[in-house]
Amino acid sequence: VNYPNNVKIVEVGPRDGLQNEKVIVDLPTKLKLVHQLSETGLLNIEAGSFVSPKWVPQMANSDDLFQEINQSISPAFPQIQFSALTPNEKGFDRAIECGVKEVAIFAAATEQFSQKNINCSISESLERFAPLAEKAQSANVRIRGYVSCVLGCPYQGSVGTDEVLDVTKSLLDLGCYEVSLGDTIGVGTPGSTKDLLSALLPVIPVEQIALHMHDTYGQALANILIGLQMGISVIDSAVAGLGGCPYAKGASGNVATEDVVYLLNGLDINHGLQLDKLIETGNRICAALGRSNGSKVAKAMQP
Ligand SMILES: [Zn+2]
């Protein structure tokens with residue numbers, strides 16, 4: 001087995017993680033989180049989302065957050081790419097006003113999830129992103145794509161690899177430099193992960209694919225290991241395993257960054273992150289949220 005020499009970790013805790021936490025985090029706490037994460041060696045941090053505050057109250061302070069990041073964090077950490085999720089053109093315009101240099105857009109792998117989640121078909125959602133993508137290109141803003149429900153859908157059940165391939169190709173065609181495959185409900189297994197990547201990798205360059213695993217069924221690290229074995233070198237994760245799964249009560253959320261780092265350490269794969277600092281960061285945000293740390297590594301290494 002040939003593992004990649006280097007893996008890029010995309011930290012999604014401040015956005016995907018917090019978005020699915022019930023306790024609303026105020027701006028200073030969020031800034032502290034982003035600042036602490038910046039000190040761990042991360043190069044990619046998805047910090048917020050420019051959605052309607054009506055729909056996602058947790059993300060209501062993204063404008064202020066990014067202005068603060070630009071003023072107080074970016075100058076000290078110029079190597080870090082801070083990104084934001086932008087569900088539409090309006091959100092994109094807000095993001096640009098706040099100086100965001102990289103945005104993420106998303107589409108579902110299944111029609112039913114697309115309809116229930118964003119009230120339109122997959123192709124409609126992609127069409128809506130076209131003008132945003134054009135604007136991004138002329139503004140020199142990088143776009144990252146997400147596909148949700150790649151290994152299972154709460155409405156449709158199993159998902160065909162051809163469905164995922166179609167959406168992934170469309171997102172790349174729109175100008176995404178990378179597409180992150182999301183196991184939104186965390187039902188994937190090493191078997192289904194292998195099947196999916198086997199269908200995608202002959203068509204799509206491996207450098208353009210990232211894995212975004214949720215640990216609902218405890219399979220996230222195993223799925224990531226399969227991905228690494230197949231050449232994937234970009235992994236999304238959230239410090240302390242922040243987040244939850246709105247489709248499975250009490251389930252764990254994103255795979256924990258600490259746990260991914262521990263896995264990579266064991267494989268001698270470079271990642272550039274400092275585990276002790278990550279653990280400290282995770283413990284702090286968990287204390288603020290009043291929840292236990294979702295990282296097994298953090299729990300095991302508790303002082
Ligand atoms: Zn996630």
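Is phenylalanine 113 buried or exposed? Phenylalanine 113 counts as buried because its relative accessibility is 4%; here buried means under 20% relative accessible area, exposed over 50%, and partly exposed in between, with a 1.4 Å probe and protein chains only.

A word on the ground rules before we go on. This is a predicted model, in which local features need pLDDT of at least 70 and side-chain atom pairs count only at pLDDT 80 or more, while totals for chains, interfaces and linings use all residues. Residues are numbered from 1 along each chain as its sequence is written, and side-chain values use heavy atoms, with hydrogens and water left out.

Now zoom out to the whole fold. The protein has 12 helices and eight strands; these are DSSP runs numbered from the N terminus, with helices being H or I of at least four residues and strands E of at least two. Its C-alpha trace spans about 45 × 45 × 35 Å along the principal axes. A compact globule of 303 residues would have a radius of gyration near 19 Å, and the 18 Å of the protein agrees with that. The radius is taken over C-alpha atoms, and the globule rule is 2.2 Å times the number of residues to the power 0.38. Of the 303 residues, 53% are buried. Among contacts with a separation of 6 or more, 75% are between residues 24 or more positions apart, where contact means heavy atoms within 4.5 Å.

Next, the metal site. Which residues coordinate the zinc ion? They are Asp16 (OD), His212 (NE2), His214 (NE2) and Asn254 (OD1), at 1.8 to 2.2 Å. Donors are N, O and S atoms within 2.8 Å of the metal (3.2 Å for Na, K and Ca), and water is not among the atoms, so sites may look incomplete. Along the chain, the donors of the zinc ion follow the spacing D-x195-H-x1-H-x39-N. Aspartate 16 sits in helix 1 (residues 13–19) and asparagine 254 in the loop between strand 8 (234–237) and helix 10 (257–266), so this pair ties together parts that are 238 residues apart in sequence. Aspartate 16 and asparagine 254 are both buried. Why is the arrangement around the zinc ion irregular? The four donor atoms subtend angles of 86 to 153 degrees, which makes it so. For four donors, tetrahedral needs all angles between 85 and 135 degrees; four count as square planar and six as octahedral if opposite donors are over 155 degrees apart and all others between 65 and 115, and anything else is irregular.

Let's turn to the rings. The structure holds three aromatic pairs. Rings of Phe, Tyr and Trp (its six-membered ring) pair if their centres lie within 6.5 Å, and planes under 30 degrees apart count as stacked, over 60 as edge-to-face and the rest as tilted. One of the pairs is phenylalanine 50 with phenylalanine 66, tilted at 5.6 Å centre to centre and 35 degrees between the planes. Phenylalanine 50 is in the loop between strand 2 (44–49) and helix 3 (62–73), and phenylalanine 66 is in helix 3, 16 residues apart. Phenylalanine 50 counts as buried at 1% relative accessibility, and phenylalanine 66 counts as buried at 1%.

Our opening residue returns here: phenylalanine 113 and tyrosine 155 form a tilted pair, with 6.1 Å between centres and 40 degrees between the planes. Phenylalanine 113 lies in helix 5 (residues 111–118) and tyrosine 155 in the loop between strand 5 (142–148) and helix 7 (161–173), so the pair ties together parts that are 42 residues apart in sequence. Tyrosine 155 counts as partly exposed, at 31% relative accessibility.

Finally, have a look at two backbone details. Most residues other than glycine have a negative phi. Asparagine 119, although not a glycine, has a positive phi of about 60 degrees; its place is in the loop between helix 5 and helix 6 (122–138), and at 64% relative accessibility asparagine 119 counts as exposed. Aspartate 268 also has a positive phi of about 60 degrees without being a glycine. Aspartate 268 is found in the loop between helix 10 and helix 11 and counts as exposed at 70% relative accessibility.
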